[in-house]
Amino acid sequence: MTRSPEADTGRFAEPSLLILTSLAEGPRHGYALIKDVEAFAGVTLGPGTLYGALARLERRGLIRALEAEDRRRPYELTQAGSAALSRQLASMRAVADVGLRRLGPARTA
Amino acid sequence: MNPDLAPTRLVRGLLRLYPVGWRTRFADEVAAVLVAVLADDGRRRARIALDVVAGAIDAHIHRSFEPGRKLMPDRVRTSAQVAFCAFALFCIAGTGFQKMTEDMRFQTVARTHDAIGWSFDVILYGAITAALCVVAGSLPVLLGIAKQALAGRRDLRCLLVSPPVAGVAWFALAFAVTRLDHSPQHSLVNVAAVVAVVVAFHVVAAVSTGALVLAAGRADLPAPVKRAQWLPMTGLSAAMVAVTVADLVWGLTLRAEAPTLFRSHNGLLATPVPATWVTTLALMALASAVTVAATARAIGVVRADRASASLG
């Protein structure tokens, strides 16, 4: 996985989170996921990384595979996936809030 | 098929690195994505190929994520079901030992010879510990099954009532046999009646165990309940091994300290004591070995899952 310096947020930029975030907008197949993640996070997921994460998310019931269309299989968020993403984002926001507050207005400007 | 998405030799070669189960599920999709990505940016060919190789290594290491494989809690549940079946066999062997040693002569020997009495105590308390471990492990499972049975799962309801119904039927048979005329003691009718009770006991044990194991397999139990089974299974394994070793010590000590009783025909159904002892010991050893193996598998599955989770 390659990351642009702006998007390199360490362990928070893990592929699973990026995939869940992308699927929050609606079902997408593999290539569309790569392009969307690239667009909103500046991170290019390789196919090996992408499908490793998709396999894990599917096994954990966070996403589900839909009917394949010409070898391209779309994935969608499950209810559990939606809830997990909400929790993760809320926790990230809490960390971000604390970090920004501690930096102070002068240093975040 | 869209001809633009046809996999090249490189793509097919890379996909061959993945485990078969993984390929069956994902190969077509990954091939389509790889072809599209390589067409997008041919300059990153080496980096993309490396990413796929790393993905294949990951898929081989973390086989629990492979499509079609049972999830970790289900694999622990299967191990617990195996251990439960082994425990049922252990109980049958233990019942045979108990029936033999309830004779006053064995009780007296246990009181007068320290080593025999000590091993007998280990068998008794080990069996109680094993039973408590089974209760601790099966209680949340039974509650889960009962909840679903009451919520309308007819199959679970039938499976859940099978053990008590079979038990009542056995008690009725045993009660009927006690009402028979027992003179002369070794008449054909008496022997046939006793054999019928013993055979029926084994059938009831098998039916009850099978029904409960089937119900535990069919019920939608919460993952933590299934995952936590490794803990009582560990206690059960330790207790069963302790009882088996104590049974071995008991027999060897009886042979050395009370040879006349050891060589007598005070075993089950008036068979020689060594025959009953060796049979119960062999069954206990088999049941203990199966339980230890199932427990090791359950612990291994839980540990592997923790390692997978921590590695993402």
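**View 1. Ile19(A) and its contacts.** Leaving aside neighbours within four places in sequence, Ile19(A) is in contact with Leu33(A), Ala53(A), Leu54(A) and Leu57(A); here, contact means that the C-beta atoms, placed from the backbone, lie within 7 Å. Please keep in mind that this is a predicted model, in which local features need pLDDT of at least 70 and side-chain atom pairs count only at pLDDT 80 or more, while totals for chains, interfaces and linings use all residues. Residues are numbered from 1 along each chain as its sequence is written, and chains are lettered from A and ligands numbered from 1 in the order in which they are written.

**View 2. The largest nonpolar core.** Ile19(A), Leu54(A) and Leu34(B) touch the most other members of this core of 39 residues. A nonpolar core is a set of buried Ala, Val, Leu, Ile, Met, Phe, Trp, Tyr and Cys residues joined through C-beta atoms within 7 Å. A residue is buried if 20 or more other C-beta atoms lie within 10 Å of its own, exposed if 12 or fewer, and partly exposed in between, with C-beta atoms placed from the backbone. Two or more residues each come from α1 (15-23), α2, α3 and β4 (75-77) of chain A, together with α1 (9-15), α2 (20-40) and α3 (45-61) of chain B. Of these elements, α2(B) gives the most, with 9 residues. Apart from this core lies another, of 37 residues, among them Ala86(B), Ile116(B), Leu236(B) and Val243(B).

**View 3. Where chain A meets chain B.** Here 17 residues of chain A are in contact with 24 residues of chain B. On the chain A side, the elements that give two or more residues are α2 (30-41) and α3 (47-59). The largest share, 8 residues, comes from α3(A). By class, this side of chain A has 5 nonpolar, 5 polar and 7 charged residues; Ala, Val, Leu, Ile, Met, Phe, Trp, Tyr, Cys and Pro count as nonpolar, Asp, Glu, Lys and Arg as charged, and the others, Gly among them, as polar. For the complex, the predictor gives an ipTM of 0.80 and a pTM of 0.61.

View 4. Helices (H or I, at least four residues) and strands (E, at least two) are DSSP runs, numbered from the N terminus. The end C-alpha atoms of α6(B) (residues 114-150) are 52 Å apart, which agrees with the 54 Å that its 37 residues should span at 1.5 Å a residue; the expected span is 1.5 Å times one less than the number of residues. Look for a kink of about 35° at Ser138(B), shortly before the proline Pro140(B); the bend is the angle between axes fitted to the seven residues ending at a residue and the seven starting there. After α6(B) comes Gly152(B), with a positive phi near 120°.

View 5. Ala166(B) is found in helix α7 (residues 154-178) of chain B, and counts as partly exposed because it has 18 C-beta neighbours inside 10 Å. Not counting residues up to four places away in sequence, Ala166(B) touches Val204(B), Val207(B) and Ser208(B). Ala166(B) and Val203(B) are 37 residues apart in sequence and 8.8 Å apart in space, C-alpha to C-alpha. In α8(B), the residues Val204(B), Thr209(B), Leu212(B), Ala215(B) and Ala216(B) are buried.

Definitions and conventions
Two residues are in contact if their C-beta atoms, placed from the backbone, lie within 7 Å.
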